[in-house]
Amino acid sequence: ANGTWGNINFPATPATMTVNNTGTITHTRAATSTFGLGMTVHNAGTVNVDGGVLSFGGSGGTHTGSFNAAAGATLAFSGGVQEFEAPSGVSGGGRLLVSAGTVQFDTVANLSGAIEVTGGTANIAPASGSIQPTSITVTSNGVLNLTPPDAQIGPLEVTVNGSSAVANLNGAHVRVGTLQLLSGTLGGTSD
């Protein structure tokens, strides 16, 4: 697939469709576009989110390509199991949002925008790169397991709000500017 998309929503009802991206997908508009239920997206190329929200849901996918979210844009994962395998990477100053499903990320990450988990599970333990988010927010029944490659992250704003919300910050010294533990669990281990 190659293309620039603005406001496209693929099926939100169960269907069978697979997208194998080996080129470049660029989302440019301030709108939200979603790969819906029953869809499987495998990214072996490049996905650029230059504006708005681009959401990968449905049946998940296996990714060996790169994802880039520009400041002000949102890269979202809203269902299925999203597996990131070498040499995949996620980068940018945009927001990383997980609202459902499971995101398993352990390759390269260079993230400087907000990380938000409102549902599902985000396992983010990149082998290299830098994770210096502006904020971490875990709400509702979201679970975040973050093990950054950086020895120290922050200062940042951390919010945990939801009876089933869990934020585990592992392996780094986290400097918190503002902590809001309204309900849920904040845990982790540090060297």
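Author: Buried means under 20% relative accessible area, exposed means over 50%, and partly exposed covers what falls in between. Keep that in mind as we look at this predicted model.

Reader: Why is Ser 140 called partly exposed?

Author: Ser 140 has a relative accessibility of 44%. You will find Ser 140 in the loop between β17 (135-139) and β18 (143-146). Its phi is near 55°, a positive value in a residue other than glycine.

Reader: What does the pair of Arg 95 and Glu 116 tie together?

Author: Arg 95 belongs to strand β12 (residues 95-105) and Glu 116 to strand β14 (residues 115-117), so their pair ties together parts that are 21 residues apart in sequence.

Reader: Let's turn to the rings. How many aromatic pairs does the structure hold?

Author: There are seven aromatic pairs.

Reader: Why is the pair of Phe 35 and Phe 56 called stacked?

Author: Ring centres must lie within 6.5 Å to pair, and planes under 30 degrees apart count as stacked. For Phe 35 and Phe 56 the centres are 5.0 Å apart and the planes are at 20°, so the pair is stacked. Phe 35 sits in strand β4 (residues 32-35) and Phe 56 in strand β7 (residues 53-56), so this pair also ties together parts 21 residues apart in sequence. Both Phe 35 and Phe 56 are buried.

Reader: What makes the pair of Phe 67 and Phe 84 edge-to-face?

Author: The angle decides, since planes over 60 degrees apart count as edge-to-face. The planes of Phe 67 and Phe 84 are at 65°, with ring centres 5.4 Å apart, so the pair is edge-to-face. Phe 67 is buried, as is Phe 84.

Reader: Which residues do ring pairs link into a cluster?

Author: The cluster links Phe 35, Phe 56, Phe 67, Phe 77, Phe 84 and Phe 105.

Conventions. Residues numbered from 1 in each chain as written. Predicted model: local features only at pLDDT ≥ 70, side-chain atom pairs only at ≥ 80, totals over all residues. Heavy atoms only, no water. Helix = DSSP H or I, 4+ residues; strand = E, 2+ residues; numbered from the N terminus. Buried < 20%, exposed > 50% of the residue type's maximum accessible area, 1.4 Å probe, protein only. Phe/Tyr/Trp six-rings, centres within 6.5 Å; stacked < 30°, edge-to-face > 60°.
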